[in-house]
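Let's learn to read a protein model together, one feature at a time. Please have a look at the structure first.

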Amino acid sequence: MGGMTPDHLMYQAEKNPFHIKDSSLIKLNVPARNKKEVKITVDKPGSKLNWFFVSSNDIEFYIQKDGKDIWPRFRLSTEFVPEWNTLACEDTGEYVLIFDNSYGTIFSKDVKFHAFVN
């Protein structure tokens, strides 16, 4: 409909300073009607929580602290461009990255991710 996408508009890992190599990613399988949690401990206030992930299909992603959502829930498709971002952590404690496939009825999703605190 719109024609072929020009090469200069395509995602290029070498041009993204936040891109994580595939060999450094941790693989998770999120079954249908389930979710997986990744717990990250933040020791210093003012730290930054960083994440990068790709999924085999769309996946709902959000972050919680003390059972409350602190990063909005979005259903993301990383087919063409990976998801990465940073969250400023004002408080210390445990932050939970959640990959949610509760809406899926048949298919599981494979997620490859990397998360760390600066």
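Predicted model: local features only at pLDDT ≥ 70, side-chain atom pairs only at ≥ 80, totals over all residues.

Q: Which residues does UniProt list for "domain: GOLD"?

A: The UniProt record, an unreviewed entry, lists residues 23–117 under that name. UniProt positions are given in the numbering used here, feature names are shortened, and annotations may be inferred rather than shown by experiment. The span is 0% helix and 65% strand, and its end C-alpha atoms lie 19 Å apart. Helices (H or I, at least four residues) and strands (E, at least two) are DSSP runs, numbered from the N terminus.

Q: How should I read a sheet, and what is the order of the strands in the open sheet of four?

A: Start with pairing: two strands pair if DSSP finds at least two bridges between them. Here the order is β2-β7-β4-β5, with antiparallel pairing. β2 (35–42) and β5 (68–76) each have a single partner strand and stand at the edges, so one side of each has no neighbour in the sheet. From one strand to the next, the twist averages 15°. For such angles, axes are lines fitted to C-alpha atoms, for helices over the stretch in contact, and angles run from 0 to 180 degrees between N-to-C directions.

Q: Which residues are the bridge partners of Glu 60?

A: Glu 60 is found in strand β4. Its bridge partner in β7 is Asp 100, and in β5 the partner is Arg 75. Six bridges join β4 to β7, and β4 and β5 also pair over six bridges.

Q: Is Glu 60 buried or exposed?

A: Buried means under 20% relative accessible area, exposed over 50%, and partly exposed in between (1.4 Å probe, protein chains only). Glu 60 has a relative accessible area of 15%, so it is buried. Not counting residues up to four places away in sequence, Glu 60 touches Arg 73, Phe 74, Arg 75, Ile 98, Phe 99, Asp 100 and Tyr 103. Contact means heavy atoms within 4.5 Å.

Q: How many aromatic pairs does the structure hold?

A: A pair of aromatic rings is described by the distance of the centres and the angle of the planes. Rings of Phe, Tyr and Trp (its six-membered ring) pair if their centres lie within 6.5 Å; planes under 30 degrees apart count as stacked, over 60 as edge-to-face and the rest as tilted. The structure holds seven aromatic pairs. In one of them, the ring centres of Phe 53 and Phe 99 are 5.1 Å apart and the planes stand at 85°, so the pair is edge-to-face. Phe 53 lies in strand β3 (residues 47–55) and Phe 99 in strand β7 (residues 93–100), so the pair ties together parts that are 46 residues apart in sequence. Phe 53 is buried, at 0% relative accessible area, and Phe 99 is buried too, at 1%.

Q: Which way do the rings of Phe 61 and Phe 99 meet: stacked, tilted or edge-to-face?

A: Their centres are 5.3 Å apart and their planes at 40°, so this pair is tilted. The pair links Phe 61 in strand β4 (residues 59–65) with Phe 99 in strand β7, 38 residues apart. Phe 61 is buried, with a relative accessible area of 1%. Ring pairs also link Trp 51, Phe 53, Phe 61, Trp 71, Phe 99 and Phe 113 into a cluster.

Q: Which arginines lie over the face of a ring?

A: A charge sits over a ring if NZ of Lys or CZ of Arg is within 6 Å of the ring centre and within 35 degrees of the ring normal. Arg 73 lies over the face of Tyr 62, 3.8 Å from the ring centre. Arg 75 lies over the face of Tyr 103, at 3.5 Å.

Q: Where is Asp 66, and is it buried or exposed?

A: Asp 66 is in the loop between β4 and β5, and it is exposed, with a relative accessible area of 66%. Asp 66 has a positive phi of about 55° although it is not a glycine.

Conventions
Residues numbered from 1 in each chain as written. Heavy atoms only, no water.
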